[in-house]
Structures are given as structure tokens and as C-alpha cells.
Amino acid sequence: MPLVNSKEMFEKAYNGGYAIGAFNCNNMEIVQAITEAAKECNSPVILQVSAGARKYAKPVYLKKMVEAAVEDTNLPIVLHLDHGADFEICKDCIDGGFTSVMIDCSSKPFEENIAITKKVCEYAHAHVPYVTVEAELGTLAGIEDEVKVEHGAESYTRPEDVEEFVRRTGCDSLAIAIGTSHGAYKFKPEQCTRDPETGILLPPPLRFDILEEVSKRLPGFPIVLHGSSSVNQEFVKIINDNGGALKDAVGVPEAQLRQAARLAVCKINIDSDLRLAMTAGIREHMRAHPDHFDPRQYVGDGRAYVKQLVKHKIVDVLGSNDKI
Ligand SMILES: [Zn+2]
């Protein structure tokens with residue numbers, strides 16, 4: 001099976017009340033961990049690549065690694081550009097064999113966002129085979145590679161904008177801002193309440209009222225959530241028990257993501273959680289075996305934790321298991 005675009009995947013996810021995991025990848029072990037987990041769960045999956053990943057690993061390596069994963073697993077896999085900043089990077093990825101791209105002009109004025117998104121859609125949709133386009137309205141706080149928005153400068157998506165935006169751009173899916181944010185430090189401690197028993201910070205709840213209003217205005221249309229790592233505390237603990245210093249990292253509670261996946265959300269982006277799992281495996285290995293120096297040993301342990309995490313996300317959060 002060749003790489004696929006996200007069209008049919010999202011239709012099934014919308015109607016089935018689940019979401020597809022969009023996992024960021026930038027090296028072989030992460031690609032293997034994600035796709036082996038998806039294979040064992042019989043789940044479709046999106047592998048996405050940011051501008052930072054393209055710089056780190058070179059586009060040709062990423063493309064070939066994802067193609068290798070398709071050959072190895074025979075799964076429906078989407079190769080997606082995460083946060084394309086302009087038409088040129090989207091065009092470059094479309095020409096290079098990506099099956100889906102995101103154009104993110106959410107920080108630009110509304111009319112400019114529409115104009116650039118429309119241009120990307122026209123190019124992507126004329127491509128054979130059809131390339132799907134994700135766009136964004138509203139901005140998320142936090143840091144993701146080169147996308148950086150200060151806390152306090154984020155803005156929720158305005159539901160009254162979405163119909164006009166989708167109609168005029170022709171985009172295939174829409175990322176909205178309902179309170180998720182990028183990175184492992186999603187919320188300032190003062191935005192959160194501290195659980196008296198565990199001491200863990202609990203973030204403010206997602207704005208489900210906005211999601212419901214958007215989906216009422218766009219019936220059947222796939223919605224995307226960025227910045228949706230949950231900062232699983234088991235991995236934070238392993239990191240901190242083995243020499244790390246992650247203090248008050250806060251994510252989006254998984255129960256809220258599960259709820260969003262039952263509604264119009266068809267794609268949930270997860271990046272920081274993979275980084276935490278990889279780091280946990282490597283730190284734990286390094287501490288337990290100070291004499292080891294073969295990267296296959298410690299990176300292999302990181303890969304095992306990433307795989308374990310992705311299986312958990314597919315089954316307990318996304319609900320995309322056994323959907324092939
Ligand atoms: Zn994002």
C-alpha cells in the first residue's frame with residue numbers, strides 16, 4: 001500500500017467517533033516505534049514532520065524512512081507537513097511526495113490567512129494524487145520548533161469565522177484553538193490548580209463549547225487539535241528519578257482528548273509525549289548502565305518506551321485501534 005492522504009481516514013474517524021494520532025518524527029527509532037505500535041494495534045496513523053525536523057534529518061531521509069515504514073507495516077500511513085509557514089515549504093513537500101500538508105498562517109490577519117491557504121489548497125488539490133491540506137484559525141500558546149507564541153498572546157478560534165474560512169479556502173481540515181498549547185510546559189502554574197493528593201498541576205479545561213459551536217457550523221468537517229500531549233507523569237518521574245529536572249510540566253488530560261475524539265476532532269497531534277518517553281528510556285538506561293556506550297542499547301530503550309506510549313494513546317485516548 002502506498003502513502004495515503006487523510007481524506008478517507010478522517011471520514012471514517014468522524015463517523016466512527018475516534019481520532020487519528022498525528023505523531024511527530026525526526027529519526028529512525030521514532031518512526032519505528034510509532035509504526036510498530038500502530039501495526040500491533042491495527043490502527044491508521046499520521047507521521048508528521050516539522051520544519052525543525054526537516055532541518056535536523058533532511059527531507060529525503062524523513063521521506064525514505066516513512067516509505068520504509070509503509071513497506072514494513074503495510075499500514076495506511078499519511079506523511080504530513082506540520083506547521084508549513086508559507087506556500088513555498090508546502091509546495092516543496094507536495095512536490096517531494098508528502099500526501100498531506102498544513103499551512104499555518106494563523107498568526108496573520110484573516111484575509112491574508114485565507115489568501116495563502118487558498119493558494120496552497122489549489123496547488124495541493126491539483127496534484128495527482130490529491131494532497132490534503134490542513135489550515136488553522138486561532139493561535140496556540142507555547143513553543144514547537146520554530147512556532148513560538150507567548151502565554152497570554154494566544155487566541156481562541158472564533159466560531160463565527162469558520163464557515164467563511166473553509167468555504168473560501170477549500171481546506172480539507174481545520175486546526176482550532178480551544179485551550180491546548182505546544183510543548184511540555186503548556187500552562188503557567190498560576191493558570192492551574194494543584195491536586196492536593198498527588199501535587200500534580202491540573203490545567204484549565206478545554207473549551208468544549210467552542211468545539212461544539214464550530215462543529216455545528218461545519219457538519220461532517222474534520223477538526224484538528226494541536227499541542228495535545230498529556231505529559232504522562234510516569235515518564236516525567238522516570239526522567240526526574242534518573243537525573244532529569246522537569247519541574248511542573250503540565251499537559252492536556254487524556255480524558256478530555258478522548259472526549260474530543262468522540263466529537264468532531266479527527267486528528268490529535270502528539271509530540272512532546274514522545275520526546276519525554278524517549279528521554280525516559282535513555283536516562284534510565286544510562287543511569288543503570290554507566291559502562292554502556294553502544295547507542296543501540298540506550299536509544300533502543302527509548303524506542304521501547306515510545307512504542308509503549310503510542311500503543312497507550314491509540315487504545316486509551318484516540319480510539320483508533322482495529323480501524324483498518
Ligand atoms: Zn502544532
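Start by selecting Val 101. Setting aside residues within four places of it in sequence, Val 101 is in contact with His 80, Leu 81, Gly 84, Cys 90, Cys 93, Ile 94, Val 120, Ala 124, Val 131 and Val 133. Before you click further, keep in mind that this is a predicted model.

Now colour the nonpolar core. The largest one has 97 residues, and Val 101 is among those with the most contacts inside it, along with Ile 34, Leu 47 and Leu 174. A bit of background: nonpolar side chains tend to be buried together in soluble globular proteins.

**Stop 1: α5 and α6**

Two of the contacts of Val 101, Cys 90 and Ile 94, also turn up at this stop, on the α5 side. Select helix α5, residues 87-95, together with α6: they pack at an angle of about 15 degrees, and their axes are 10 Å apart. That angle is under 35 degrees, so α5 counts as roughly parallel to α6. The crossing of α5 past α6 is right-handed.

Which residues of α5 and α6 meet? On the α5 side, show Phe 87, Cys 90, Lys 91 and Ile 94; on the α6 side, show Ile 116, Lys 119, Val 120, Tyr 123 and Ala 124. Sorted by class, the residues of this contact are 7 nonpolar, no polar and 2 charged.

**Stop 2**

First, zoom in on Pro 129, in the loop between α6 (110-126) and β5 (132-137). The peptide bond leading from Val 128 to Pro 129 is cis, with omega near 0 degrees.

Next, hop to Asn 42, in the loop between α2 (28-41) and β2 (45-49). Asn 42 isn't a glycine, yet its phi is positive, at about 55 degrees. Asn 42 has 13 C-beta neighbours inside 10 Å, so it counts as partly exposed.

Then pick His 83, in strand β3, residues 77-84. Phi of His 83 is also a positive value, near 55 degrees, and this residue is not a glycine either. Is His 83 buried or exposed? His 83 is buried, because 25 other C-beta atoms lie within 10 Å.

**Stop 3: α11 and α12**

Select helix α11 (residues 272-288) and helix α12 (residues 295-318). Their axes are 7 Å apart, and the helices pack at an angle of about 140 degrees. That makes α11 oblique to α12. When α11 passes α12, the crossing is right-handed.

Show these side chains to see who makes the contact:

- From α11: Asp 273, Leu 274, Ala 277, Met 278, Ala 280, Gly 281, Ile 282, Glu 284, His 285 and Met 286.
- From α12: Gln 297, Tyr 298, Val 299, Asp 301, Gly 302, Ala 304, Tyr 305, Val 306 and Leu 309.

By class, the contact of α11 with α12 has 12 nonpolar, 4 polar and 3 charged residues.

While you're on α11, click Thr 279, which is found in this helix.

**Stop 4**

With 30 C-beta neighbours inside 10 Å, Leu 318 counts as buried. What is Leu 318 in contact with, leaving aside neighbours within four places in sequence? Look for Tyr 18, Ala 19, Ile 20, Gly 21, Ala 261, Ile 268 and Lys 313.

The axes of α10 and α12 come within 9 Å and cross at roughly 65 degrees. In α10, Glu 254, Leu 257, Arg 258 and Ala 261 meet Asp 316, Val 317 and Leu 318 of α12. This contact has 4 nonpolar, no polar and 3 charged residues. Draw a line from Leu 318 to Leu 257: they are 61 residues apart in sequence, with 7.6 Å between their C-alpha atoms.

**Last stop: Arg 158**

Finish in the loop between β7 (147-149) and α7 (159-169), where you'll find Arg 158. Arg 158 counts as partly exposed, with 16 C-beta neighbours inside 10 Å. Ser 229 is 71 residues from Arg 158 along the chain, and their C-alpha atoms are separated by 23 Å.

Technical notes
Residues are numbered from 1 along each chain as its sequence is written. This is a predicted model: local features need pLDDT of at least 70, side-chain atom pairs count only at pLDDT 80 or more; totals for chains, interfaces and linings use all residues. Axes are lines fitted to C-alpha atoms, for helices over the stretch in contact, and angles run from 0 to 180 degrees between N-to-C directions. Helices (H or I, at least four residues) and strands (E, at least two) are DSSP runs, numbered from the N terminus. Angles under 35 degrees count as roughly parallel, over 145 as roughly antiparallel, 65 to 115 as roughly perpendicular and the rest as oblique. A crossing is left-handed if the near helix is turned anticlockwise from the far one by less than a right angle, and right-handed if clockwise. Two residues are in contact if their C-beta atoms, placed from the backbone, lie within 7 Å. Ala, Val, Leu, Ile, Met, Phe, Trp, Tyr, Cys and Pro count as nonpolar, Asp, Glu, Lys and Arg as charged, and the others, Gly among them, as polar. A nonpolar core is a set of buried Ala, Val, Leu, Ile, Met, Phe, Trp, Tyr and Cys residues joined through C-beta atoms within 7 Å. A residue is buried if 20 or more other C-beta atoms lie within 10 Å of its own, exposed if 12 or fewer, and partly exposed in between; C-beta atoms are placed from the backbone.
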